[in-house]
Amino acid sequence: MSYFSGKRVVVTGGGGFIGSHVVQALRAEGCEPFVVRSHDYDLTRESEVALLYEDTRPEILFHVAGLVGGIGANKDRPAEFFYQNLTMGTFLLHLGQRFGLKKFVAAGAGCGYPQDAPMPLKEASFWDGPPQPESAPYSLAKRLLHIQSQAYYQQYGFNSVITVPGNVYGPNDNFDLRASHVVPALVRKFVDAAASGDEQAAVWGSGRPTRDFVYVEDVARGMLLAAQRYEGAELVNISSGIETSIRELVEALVEVVNFRGEIVWDDSQPEGQPVRCFDVSKAERDLGWRAETGLRPGLEKTVAWYRLNRATARLAV
Amino acid sequence: MNDTERWRQEILSQLTESAVVQRRSAESCGEAILAAAALIVCSLTQGGKLMLCGNGGSAADCQHLAAELVGRMNGRQRPALAALALTTDTSALTALGNDFGYETVFQRQVEARGRPGDVVLAISTSGRSQNVLRALTAAARAGLATVGLTGDGPGPLADLTDIAIRVPSANTQRIQEAHIAIGHVICYLVERMLGAEMEEESECLISQASG
C-alpha cells in the first residue's frame, strides 16, 4: 500500500511537461490524480481556484502549472510571466489552506537563485541576492511562493514544499523552437539535421558553459518523495548535481542521434551564465533521493519520443 | 582438393563471412539499433504498435520478429507487445496485388491500420523494393515513425526512414543473416528496456497494454 494510493490528489499542469510525469508517477503508486487543465479552470482567477478546491477537495496538491519558456519567451512576455505565475501560486496556496489541503507541493524555478550565488547552489543561498534579470519577472513570482509558504506555515501550520529543479529534460517537453530550452532545442536540431542528411549543424556559443541536466522522471519521483516525507515549509533542490558542459551534451546527442555531419560552433552567439549546478545533498539526506537516469539513457528516451512526435507532427504540415 | 574438402572450405568461408558482416554491423550500426529499440519502446508504452513489412526472406523475418514481441523471448512474464507483420494475410495480399498492383500490398495495409505514434519497420536488402518504399511513404504521410533494415547499396530506403540500419555488405544472403540477428537484438533490447520501465510502472504499463 503506497502513501498515495486512495488519497485525493490534484495535479495542476498535469497535461504539461513535468506535470504529465508527476501524473504517471502517481498512477504507478496506485493513485489516480485529478488533472487540472487550463481550459477547465483558469487558475489566475481566485473564484475558479476556489471552485477547483470545492470540486475536488484534495489532500495533496502538486502545483506544476506555469507559464514557462526560454530566455526569448521571458523577454517577449515578461508581464504575462509575472502575473500568471504569481496569481496561480498565490491563490492555490492561499485557498489550499482555507480548504483544508494537507500538503502543497510546487515546482520552483532554478533561475530564482541569485545570479552570483556560489556554485553548487545551496538552498540556504536562495535569498542572498537578485536573480538574473532576463527571467526575473518569472523567477521572482516563483520566489514569492516560497515566502508565502513560510508565512502560512508560521501562522497556520500549513505544510508545503517547493522543489527546485535544474535543467529538466525528457519526453513530452516543449520542442517548439521559439519557446524551448537547450536540450529540446538541440534534440530537435540534430534529429532534423540527421533526417535530412545535412552535412553541418550550427550550435550557438562556445560549448563551454555548464548546466545541471536532470531527467524528468527523476524530478517527478523526487516531487512525490518530497510530498511524502516533508512537514513544514521546505525548499529543496531536485537535480542531478552533475555539471555537464554544452559541448558534452552535444557530443552525447550526436552519438544518440547518429548524426554524421560536422558541428559548427557559433561563438558570436550569446550563451548565458558560465556555470549552473545544484547542491543536492539536502534531497539525498532528507528524501533518500538522487537522480538515477544518466544523461545518455535520458537522451535516448528523449530522442525516441521526439522522433515519434515529429512523425505525428508531419500530419499538421 | 577433393569435393568434400572443397565443400568444407565453402562452409567455413560462408559462415565466417556471415560472422564478419555481423561483427562489422555491431561496429557501424550499434547506435542506430539502440535508437530503433528506444523508438519502439517509446511507441509501445504510449499505446502504439509496431508494423513490419518486407518480401521473401525479409517477409519471413517480419513474421518471426512480430512473433517474438507478441510472445516472449527471454526472462520473466511480461505483457504481450503490439507487433504485427503485414506479410501474413493472404486474402489482403492477393486482393491488393491482384486489384491494385503488387507495389501497394503494404501501403494499403499501413493506410488501413497505421495510427500516429505507431512505428513501421521495413526490411529490404536492396533498399529498392517498391512495395516497401510505398509503405514508408504512406507511413510518413499518416504520422508514423519509420525504421529501415537494409544493406549498404544506394537504394532509397535509407532516405525514407527516420532511423536506417544499414548492414555493411552487398551480398543479399549475408545482409539477410545480419538482419535477423539485428532483429533479435532489437527484440531483446525492447524487452529489457520495457522490463526496466515495468519495475517502476507495472500497473500503468499493464493497463495500457490491455486497454
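**Figure 1. Helix α8 of chain A in the predicted model.** α8(A) is built from 12 residues. From its first C-alpha to its last, the helix reaches 16 Å, close to the 16 Å expected at 1.5 Å a residue. Its buried residues are A:I246, A:L249, A:V250, A:L253, A:V256 and A:V257. Viewed down the axis of α8(A), these buried residues fall within an arc of 125 degrees, so they line one face of the helix. An α-helix has 3.6 residues a turn, so residues three or four places apart point the same way. Just after α8(A) comes A:N258, which takes a positive phi of about 70 degrees.

**Figure 2. The contact between chain A and chain B.** On one side are 19 residues of chain A, and in contact with them are 20 residues of chain B. Three helices of chain A, α1 (17-28), α8 (246-257) and α10 (295-313), each supply at least two residues of the side that touches chain B. α10(A) gives the most to this side, with 9 residues. Sorted by class, the side of chain A that touches chain B has 9 nonpolar, 4 polar and 6 charged residues.

**Figure 3. The open sheet of chain A.** The sheet has 6 strands in the order β2-β1-β3-β4-β5-β10, and the pairing is parallel. β2 (34-36) and β10 (233-238) of chain A stand at the edges with a single partner strand each, so one side of each has no neighbour in the sheet. From one strand to the next, the twist averages 15 degrees. Strands of a sheet pair through backbone hydrogen bonds, either parallel or antiparallel.

**Figure 4. Strand β4 of chain A and its partners.** 5 of the 5 residues of β4(A) are buried, so the strand is largely enclosed by the rest of the structure. A:K103, A:V105 and A:A107 point one way from β4(A), while A:F104 and A:A106 point the other way. β3(A) runs parallel to β4(A) and is joined to it by 4 bridges; here A:L61 has A:F104 as its bridge partner. β4(A) also pairs with β5(A) in the parallel sense, over 4 bridges. In that pair, A:A107 has A:T163 as its bridge partner.

Figure 5. A:S160 stands opposite A:A233 in β10(A).

**Figure 6. Two helices lying across strands of chain A.** α1(A) lies across β1 (9-12), β2, β3 (60-63) and β4 (103-107), and runs at about 160 degrees to β1(A). α5 (residues 136-156) of chain A lies across β4, β5 and β10, and runs at about 160 degrees to β5(A).

Methods. Residues are numbered from 1 along each chain as its sequence is written. Chains are lettered from A and ligands numbered from 1 in the order in which they are written. This is a predicted model: local features need pLDDT of at least 70, side-chain atom pairs count only at pLDDT 80 or more; totals for chains, interfaces and linings use all residues. Two residues are in contact if their C-beta atoms, placed from the backbone, lie within 7 Å. Ala, Val, Leu, Ile, Met, Phe, Trp, Tyr, Cys and Pro count as nonpolar, Asp, Glu, Lys and Arg as charged, and the others, Gly among them, as polar. Two strands pair if DSSP finds at least two bridges between them. Axes are lines fitted to C-alpha atoms, for helices over the stretch in contact, and angles run from 0 to 180 degrees between N-to-C directions. The expected span of a helix is 1.5 Å times one less than its number of residues. A residue is buried if 20 or more other C-beta atoms lie within 10 Å of its own, exposed if 12 or fewer, and partly exposed in between; C-beta atoms are placed from the backbone. The arc is that of the directions from the helix axis to the C-beta atoms.
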